[in-house]
Amino acid sequence: MMTKFEDIKVSNADYAFFLAVLLLCIIGLIAIYSASYQAESPALKDNFAKQLVWLMLGLILMGIIIILPVRFFWSLAYVLYFLTIFLLILTLVINRGNPVARWLPIGSFQFQPSELAKISVVIFLARYLAEEKRDLNKFKDILIAFVIVLVPALLIVNQPDLGTSLVFFAIVLPILFWAGLPSFYLFIILTPFITMISSFNFYTYFLAMALIIVVLLLFKRKILLSSLVIIANIVMGIITPMLWNQMREYQRHRILTFLGLEMDPKGLSYQVIQSKVAIGSGGFWGKGILKGTQTQLRFLPEQHTDFVFSVVGEELGFIGSSIVLILFLFLLLRAIYIAAKVRNKFSGLMVIGATAVLGFHIIINIGMTVGMMPVTGLPLPFLSYGGSFLLVSMSFVGIIINASIRRFRY
């Protein structure tokens, strides 16, 4: 079948990928309906209907993105990126004085520019790395790639929204790797994170530095370059405790709770404790839809948004949770497969960027609900309630299917 919009074969679309997304959306609607069923607030009771409307809009948006030619995204990259930066700054200015400044009011709706930033950074970074003049053996080109993600990430940290800002760092490394970044540079980029984590204890810091020096010797690079890497990591080890002291109290608290160094059963740990109880009580088959006691008695906070996977675990049990995990795994592997088959470098990089965003959300959110990751406030793609994030997720689906249709084109 041929479209009239462009000489492409719609039959090349990856229907298995789309079917997995659709099944996840249906499971999400069921979980949101159950999570909102016993809500006293009329606004919460309307969550199911609102999410259904957002899903319809998301499917329309996905369809539009699928039929757009790749050159459209190429020409849009710079404009969309700088428009997003402007909106992020405007959000901070308009909400000045507010403790939370994440939304822009548009009539009776609220728009979250940080969600748009995920798409604009993926497209902009993909175009930057796909340009013929780009050489990933040059430090300058790699540095600019990091600046592209750092600018929106810093603006979003100030909203403050630490969880969403981390998404941008999850984008840059997979895209750089896919674009051909040499393994030595990848090692250099990763070492500051290793140093940062180990710098709170003298012995782990010493061990990390020894490991870095051994690996540098194995790479057999110039002494000057190796020395600079060592100095940079020493500096990172010194400034990390200083940055720690600059963080907000609740951010430090979340990290300490995650590491098991601090307990707060009535505060931040409460969400994770209730989530683990809900998932564990579901057993093999689950308690049944609308029959989950943790969900229906509303012991579980944020059960229609960040902790929606806990609702699935309690009411659909191990079987339902496993189906969700298998669908997510299939979705991510299929997207990487599509990226590997796409002949157009720009298109392939966009697919990897979109996959990185979805994968980061999936790993952090599900890890959070079972107590293996910190509570960051990142929603679960296609399942969590929320219009802005669902539209962004469906946009990424559109980008991936767009690439699958045109995978034989350069």
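Where is lysine 220 found? Select it and you'll land in the loop between helix 9 (202-219) and helix 10. Helices here are DSSP runs of H or I with at least four residues, numbered from the N terminus.

Before moving on, a word on what you're looking at. This is a predicted model, where local features need pLDDT of at least 70 and side-chain atom pairs count only at pLDDT 80 or more, while totals for chains, interfaces and linings use all residues. Residues are numbered from 1 along each chain as its sequence is written, and side-chain values use heavy atoms, with hydrogens and water left out.

**Stop 1**

Most residues other than glycine have a negative phi. Lysine 220 counts as exposed because its relative accessibility is 72%; the cut-offs are under 20% relative accessible area for buried, over 50% for exposed, and partly exposed in between, using a 1.4 Å probe and protein chains only.

Now jump to phenylalanine 382, in the loop between helix 15 and helix 16. Here phi is near 70 degrees, again positive in a residue other than glycine. Is phenylalanine 382 buried or exposed? It counts as buried, at 2% relative accessibility.

**Stop 2: helix 10**

Follow helix 10 along to isoleucine 239 and look for a kink of about 30 degrees, shortly before proline 241. That bend is the angle between axes fitted to the seven residues ending at a residue and the seven starting there.

Next, color the buried residues of helix 10: Ser226, Val229, Asn233, Gly237, Thr240 and Trp244. Then switch to a nonpolar surface patch whose members include Leu224, Ile231, Ile239 and Leu243. The whole patch has about 850 Å² of accessible area together, computed by the Shrake-Rupley method with a 1.4 Å probe, where for residues only the protein chains shown count as cover. Patch residues have over 30% relative accessible area and no salt bridge; nonpolar side chains (Val, Leu, Ile, Met, Phe, Trp, Tyr) are joined within 5 Å, and like charges within 9 Å.

**Stop 3: helix 7**

Residues 162-179 make up helix 7. It has 18 residues and reaches 27 Å from first C-alpha to last, close to the 26 Å expected at 1.5 Å a residue. What do the buried residues of helix 7 pack against? Show helix 5 (113-130), helix 6 (139-157), helix 8 (183-198) and helix 15 (345-369) to see these partners.

Zoom in on serine 165, which counts as buried at 2% relative accessibility. Leaving out residues up to four places away in sequence, serine 165 touches Ala153, Ile156 and Val157, where contact means heavy atoms within 4.5 Å. Just after helix 7, check glycine 180, which takes a positive phi of about 110 degrees.

**Stop 4: charged pairs**

Side chains of opposite charge can pair when their charged atoms come close. How many salt bridges are there? The count comes to six, a salt bridge being a side-chain nitrogen of Lys or Arg within 4 Å of a carboxyl oxygen of Asp or Glu.

Aspartate 14 counts as buried at 9% relative accessibility, while arginine 334 is partly exposed at 27%.

Then select arginine 134. It forms a salt bridge with glutamate 131, at 2.3 Å between the closest N and O atoms, and one with aspartate 141, at 3.9 Å. Shared partners join Arg127, Glu131, Arg134 and Asp141 into one network.

**Last stop: helix 16**

Finish at alanine 403, in helix 16 (residues 387-405). Alanine 403 is buried, with a relative accessible area of 1%. Show Ile338, Val342, Ser347 and Val351 to see what alanine 403 touches, not counting residues up to four places away in sequence.

Notes
Helices (H or I, at least four residues) and strands (E, at least two) are DSSP runs, numbered from the N terminus. The expected span of a helix is 1.5 Å times one less than its number of residues.
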